[in-house]
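Open the model in a viewer and keep the selection panel at hand.

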Amino acid sequence: MPEVVMPRLSDSMEEGTILRWMVSDGDEVTRGQEIVEIETDKATMAYEADADGPLHIVAEEGATLPIGATIATIGEAAPAGGGDGDGASAGAASPAAEPVAAAPASAPAAAAEAPAADRVPAGVGAATNGAGGNGGGERVKASPIARRLARENDLDLRQLTGSGPAGRIVKADVMSALEGRGATAAPEAPAAAPVAPAPAAAAAPAAAEAPATNKGEITYEDLNRTQQVIARRMAESKATVPEFTVSTDVDMEAARELRAQLKAAAAEGQPVPSFNDMVVKASALALREYPRANGSYKDGRFELHSRVNVGVAVAGDDALIVPTVFDADTRSLGDIARTTRELAASVREGTIRPPELSGGTFTVSNLGMFGVTHFTAVINVPQAAILAVGAIEPRAVVRDGELVARHTMTITLTCDHRILYGADAAQFLARIRELLENPLQLAF
Amino acid sequence: MATTETGIETMTYREALRLALREELERDPSVFLMGEEIGVFQGSYKVTAGLYDDFGPERIMETPISEEGFVGAAVGAAMSGQRPVVEIMTINFILVAMDQVVNHAAKVRYMFGGKVGCPLVIRTPNGAGNQLTAQHSQSFEGWFAHVPGLKVVAPATPADARGLLKSAIRDDDPVLVIENLQLYKAKGEVDTSVDGAVEIGRAAIAREGSDLTMVAHTFAVTRCLHVAEKLQADHGISAEVVDLRSLRPLDMETVAASVAKTNRALCVEEGWASYGVTAEVASRISLACFDDLDAPVGRVGMAEVPMPYAKSLEDAALPHEEKILAAALEVCGA
């Protein structure tokens, strides 16, 4: 009976969350049919069946599982159990209660195996994530007996801090946690029926009883997976990258003129390139000339990339998402405009796919639409630099000794000094400015 | 030997072996001994002392220095219904007889379709610690425990030495009895009022404990018992010591039951750990006890070098108690 396992949907994916089953337990599915929505660290994706037959769900909605963990089985010999079937398939194979076969007979003491459905939340951590020491995205490091005890007592290992070598959660940690919550189940009696899954609040002992503070009442919000990734990556960036910033003011009069002409020339429904699209294109052309700005400092080496892929930071639903414009240096401005519109729409609709979120070699972040004149961005590691783009506004500047009003935009480059040095960064930024001030060059 | 009223005597490991040989020689006329200098000289380690005088040259048979020859002769005698008990002076000298042990003794029953057995016993000590250097300080029992068709027992106490040797002699298949140079002088209680045969394939709990299972055989059991006392006294760790007693067949039930209780295991042997008895036991623990383990299974053997001669280096190479203690603490995460 083929097992459906948690797929690897992106390079950085370590685990995924079952968001929604698109079929019911026991339904007949066919190869290629979308059966489940899985949330990864980057996106939500539908996943297809790779075999025909009745589907038996192993992992409940909300369960977070590592890559390779069984989430369902497809096949005729679905084990027996209580049926909530719809009648159509009820005769053939009833939905199962105990999907996982018993352990080999040679295993002595560990006789009684819990049904897989019970294992899922406890063994590898339920969807909830408290403030535990093992929180967020990483595989929980725990000894087998610690996992077994957690499973038998419906304890989320993520809530615990390991006292073993390298932070491994050991039996003693689980035992003290069980004592702490006043568990009555004796750990040496594995036959005891597993308790019903505790609600998330009960499982997070610290958060439940928030003491009154001078900040008033405290409410806690769990991070979704994207927010977990953002928190981790941003902290990693600030903690590991020796960064510096360089800024320059760009005269945008010519760019404004070009955009007005493009707008006038655009056919009905044809997207007009935005100033940000011009920044993407200008950056891409400059990146082609400054390979280190397009590279990464990684494991003591410079990693230089043959493709110029510019990530464009997009504010999503309570999150920040950076879809990638691949080969931005060879795309036309119109092509970039179409691509960024489509990517932004995908982000807003939550249908963006991991391949569209990875592979970036540089990032452009624009807060100009909010009137921000300049800001510094946090490097999207392992990229070498990120460009922060401010608002275009008329400013008083001196031209040929005269004080004049010119539309000006401040751009700020944050650089990883391990690969991009001051003078190089300055020249790279100056090249971007030069391209934007002579925007016809963006046509090539 | 010191006798008490109940029939329990305190005797050395060597005396217990001698007692078993004497009892079996008396019980069964098909039992006879073969080996180098086991007669007039009374045995290099004096295990056979006195037997030549009592049983004579036909049953206490002196052999030339030719292990391949006399082990081969013993295989033939066993195939024709005798119960030879061969002494190999130390396990180091069995290498020249490997073909007889592995390709003949172990294969006879199989090659003759079960119609002919080979009730042969080979007694031989392993171990190091007497500055006998690289060629005479080895522990090869794992090599034999590797071979289907052989049984391998390895007693750690005088009572087990007597009881397992008796069972080996009565067994209808070839059995290696692994003795130990350091243990020959070790004393223990033996109940001489009973037959005392010990079933092959049964491990024993040498010391009860709740926090850590130490698995060992022969002299390593003694080392582990000392370490267990230290663990208790200095670290408050209660260690259980499982004496394997039989290496093939291996009693995993006893080992697994202990590990299920303690959740932690350390395997110790006198020889090199790589591909050794500890490798086998650790592998089986990880299979049988996966959901019971709280830490990776630890292993201690001698340093992976030919045994040096210099006393200081020999001491450094042995699986001495400091090494076992350190490994035990590591397994316990202490």
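Select residues 144–152 and 171–180 of chain A, helices H2 and H3. Their axes come within 8 Å and cross at roughly 25 degrees; axes are lines fitted to C-alpha atoms, for helices over the stretch in contact, and angles run from 0 to 180 degrees between N-to-C directions. Two residues are in contact if their C-beta atoms, placed from the backbone, lie within 7 Å. The set divides into 5 nonpolar, no polar and 2 charged residues. Here Ala, Val, Leu, Ile, Met, Phe, Trp, Tyr, Cys and Pro count as nonpolar, Asp, Glu, Lys and Arg as charged, and the others, Gly among them, as polar.

This is a predicted model, in which local features need pLDDT of at least 70 and side-chain atom pairs count only at pLDDT 80 or more, while totals for chains, interfaces and linings use all residues. Residues are numbered from 1 along each chain as its sequence is written, and chains are lettered from A and ligands numbered from 1 in the order in which they are written.

Next, colour chain A by secondary structure: 10 helices and 18 strands. Helices (H or I, at least four residues) and strands (E, at least two) are DSSP runs, numbered from the N terminus. Of its 444 residues, 38% are buried, that is, with 20 or more other C-beta atoms within 10 Å of their own C-beta, placed from the backbone (12 or fewer is exposed, in between partly exposed).

Now centre on B:Val86. With B:Met214, B:Cys224 and B:Ala328, B:Val86 touches the most other members of the largest nonpolar core, which has 118 residues. Such a core is a set of buried Ala, Val, Leu, Ile, Met, Phe, Trp, Tyr and Cys residues joined through C-beta atoms within 7 Å. A second, separate core of 76 residues includes A:Val241, A:Val280, A:Ala337 and A:Ile419.

Last, which helix of chain B gives the most to the side that touches chain A? In total, 13 residues of chain B are in contact with 14 of chain A. Helix H9 of chain B, residues 252–262, gives the most to that side, with 4 residues.
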